[in-house]
Amino acid sequence: MYIKVVRLTQGYKFNTSSWYTYIILKGMKFVYSRKGEIVPMVLIILLSFFVWRHIPSLQFEGEGYYYFTRILEHKNVLELLSNTTTPLKYDAFATFIFSIIAPHFKDQVHLYMWFILVFMLVIDAVFYFTARVLLGNKLPAFLAALIFSTSFIGKFDMYSNGGYQYFLQRAVTLLPLLLALSFLVLYLKNFKSHHYLTSLFLYLLSIVMGFFSTFFLPVFVFTPLAFIRFKARKFWNHL
């Protein structure tokens, strides 16, 4: 598509009535160039921010205040994390993050909500990157990221009802999970060992951050199987 747009804009003679055509073609050329890769990602971030812009005005709900009491009960982070009934408690990483930002944010709830919103925008941008790597095309990747970032289905509990605890316990793990999937797909496409090792490291990191990441395991099982099924000759030739 990029080559076609370049050819269309080369040697094209414009008059005053077709200047807008020239702008459109130049815009298409930029979007389909490597520099234009940032355009759909910026659009996703802006649209997502517009949809979820009310988050900083929310208040904690449910056990969101629980982390304040846990911080006060313990002297330091290590003591806080070691006071668990299991070796790796489901909210250990959530507690760790809260122990870092709480001394700075104190009792200003809107700062915690801004933290949620900014982190969410980063996840949305990474989701576009993952879709781009997986699908290999900007348009379907953009549409997938648009649905993911602006849909209330599956995201309301995490972001928009004041469930700060849900965000820290579950949503933050999406960042390493999506990156792990991206590097796994890159490995299956290029068979570069450092892509596989990076993917494995990120997935293990996500499990350390929260055991909810184990629910994502089938994706890492069926994605290689799908590549073997549809690109069997290339895969087996590599082996």
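Residues are numbered from 1 along each chain as its sequence is written. In this predicted model, local features need pLDDT of at least 70, side-chain atom pairs count only at pLDDT 80 or more, and totals for chains, interfaces and linings use all residues, while side-chain values use heavy atoms, with hydrogens and water left out.

Helix H7 spans residues 109-135 and contains Asp124; helices are DSSP runs (H or I, at least four residues), numbered from the N terminus. Trp114 also lies in H7. The table gives the relative accessibility of both residues; buried means under 20%, exposed over 50%, and partly exposed in between (1.4 Å probe, protein chains only).

| Residue | Relative accessibility | Class |
|---|---|---|
| Asp124 | 0% | buried |
| Trp114 | 37% | partly exposed |

Beyond its neighbours within four places in sequence, Asp124 is in contact (heavy atoms within 4.5 Å) with Ile44, Ser48, Phe148, Ser149 and Lys155.

The largest nonpolar core has 24 residues, of which Ile55, Phe98, Tyr112, Met113, Tyr164 and Leu168 touch the most other members. Such a core is a set of buried Ala, Val, Leu, Ile, Met, Phe, Trp, Tyr and Cys residues joined through side-chain atoms within 4.5 Å. At least two residues of this core come from each of helix H6 (92-105), H7 and helix H10 (164-169). With seven residues, H7 gives the most to this core. Leaving out residues up to four places away in sequence, Leu168 touches Ala94, Ile97, Phe98 and Phe115. Another core, of 12 residues, lies apart from this one and includes Ala180, Leu184, Leu186 and Tyr203.
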